[in-house]
Amino acid sequence: MRSLFSFAKSVLYLFPGLQHTYCRSAYCRMNIKEKAKTILKRYDIGRKFSHLSSLPKASVLIPLFVRNGELHVLMTVRSIELKNSGGQVCFPGGKCEPKDHDEIDTAVREAREEIGLPPDKVEVIGRLVPVISKAGMLVTPVMAFIEETFQAQPSPDEVSDVFTVPLHYFINPARHTAQAIPGLPGRLHFFTYEEPKTGKSYLIWGLTATLALLVAVLALGKKPRFDVVFDVEDPLPFFESSLTKRYLRGKL
């Protein structure tokens with residue numbers, strides 16, 4: 001295998017014009033994926049906050065994949081019929097159930113129920129610092145890779161649409177706005193994304209936008225071209241501090 005990679009590199013050196021085409025190959029996709037996995041695993045907090053059992057728990061799956069040499073993320077639109085956050089863009093996810101062993105089980109199960117994602121096609125990378133939602137739930141983001149060829153089969157009772165976004169979109173200021181909200185640290189982020197093939201427009205905001213922005217900063221290793229409240233070089237302390245403060249306030 002090593003000799004094959006060496007040969008490929010030699011060909012690219014001799015014929016620079018092939019580099020763009022080669023970057024679309026399985027080798028390049030794997031290289032991008034492995035690099036992102038290595039980076040994201042550094043931020044896996046494991047079960048560090050699993051002891052916060054006094055709050056109702058939920059998990060979301062952040063499904064990443066490589067397409068055309070770029071990292072992408074899959075998102076859903078909640079059914080308008082749902083009582084909570086109906087019609088909003090979100091990641092697959094939901095409340096923890098007694099049969100779930102941990103936060104990862106919850107995220108993977110919900111993704112299967114909502115969009116038909118087979119659990120054996122989910123390569124879990126790790127858990128990010130949980131956040132407390134406006135509904136008072138402890139939401140754990142679970143990072144994972146899925147196959148580029150995955151075709152979603154959304155459950156109409158829960159999901160009205162499924163779409164994907166290049167991850168670099170969330171560090172670009174072109175379609176980004178932010179608004180200060182009393183009682184929240186920093187500002188609330190909003191991204192407007194227009195799907196090139198369908199022309200559909202999606203508003204990505206709130207917790208979903210924050211998580212997408214965070215994963216983009218971590219995986220791409222690039223600073224967003226707009227102000228964010230966390231340290232892009234070391235973002236976890238901010239999210240851990242915010243979680244602790246909100247949790248303690250709720251206990252008082």
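Reader: How many residues line the largest pocket, and which lie nearest its centre?

Author: Rolling a probe the size of a water molecule over the atoms shows where empty space is left. A pocket is an open set of points, on a 1 Å grid over the protein atoms alone, where a 1.4 Å probe fits and protein lies on both sides within 12 Å along at least five of seven lines; its lining residues have an atom within 4 Å of a point. In this structure, 50 residues line the largest pocket, with Ile132, Ser133, Lys134, Val139 and Leu207 nearest its centre. This is a predicted model, in which local features need pLDDT of at least 70 and side-chain atom pairs count only at pLDDT 80 or more, while totals for chains, interfaces and linings use all residues. Residues are numbered from 1 along each chain as its sequence is written, and side-chain values use heavy atoms, leaving out hydrogens and water.

Reader: What volume does the largest pocket have, and which element gives the largest share of its lining?

Author: A volume is the space filled by probe spheres set on the grid points, which are joined across faces, edges and corners. For the largest pocket the volume is about 1,500 Å³. Helices (H or I, at least four residues) and strands (E, at least two) are DSSP runs, numbered from the N terminus. Elements giving two or more lining residues include strand E1 (57-67), helix H5 (206-220) and helix H6 (236-251). H6 supplies the largest share, seven residues.

Reader: Where does the lining of the second largest pocket come from?

Author: E1, strand E2 (70-78) and E8 each supply at least two residues, and E8 gives the most, with five. This pocket holds about 520 Å³ of space. Its lining has 24 residues, and Phe163 is one of those nearest its centre.

Reader: How is the pair of Phe163 and Tyr202 arranged?

Author: A pair of aromatic rings is described by the distance of the centres and the angle of the planes. Rings of Phe, Tyr and Trp (its six-membered ring) pair if their centres lie within 6.5 Å; planes under 30 degrees apart count as stacked, over 60 as edge-to-face and the rest as tilted. The structure holds nine such pairs. The ring centres of Phe163 and Tyr202 are 3.7 Å apart and the planes are at 10°, so this pair is stacked. Phe163 lies in strand E8 (residues 159-166) and Tyr202 in strand E11 (residues 201-205), so the pair ties together parts 39 residues apart in sequence.

Reader: Are Phe163 and Tyr202 buried or exposed?

Author: Buried means under 20% relative accessible area, exposed over 50%, and partly exposed in between (1.4 Å probe, protein chains only). Both Phe163 and Tyr202 are buried.
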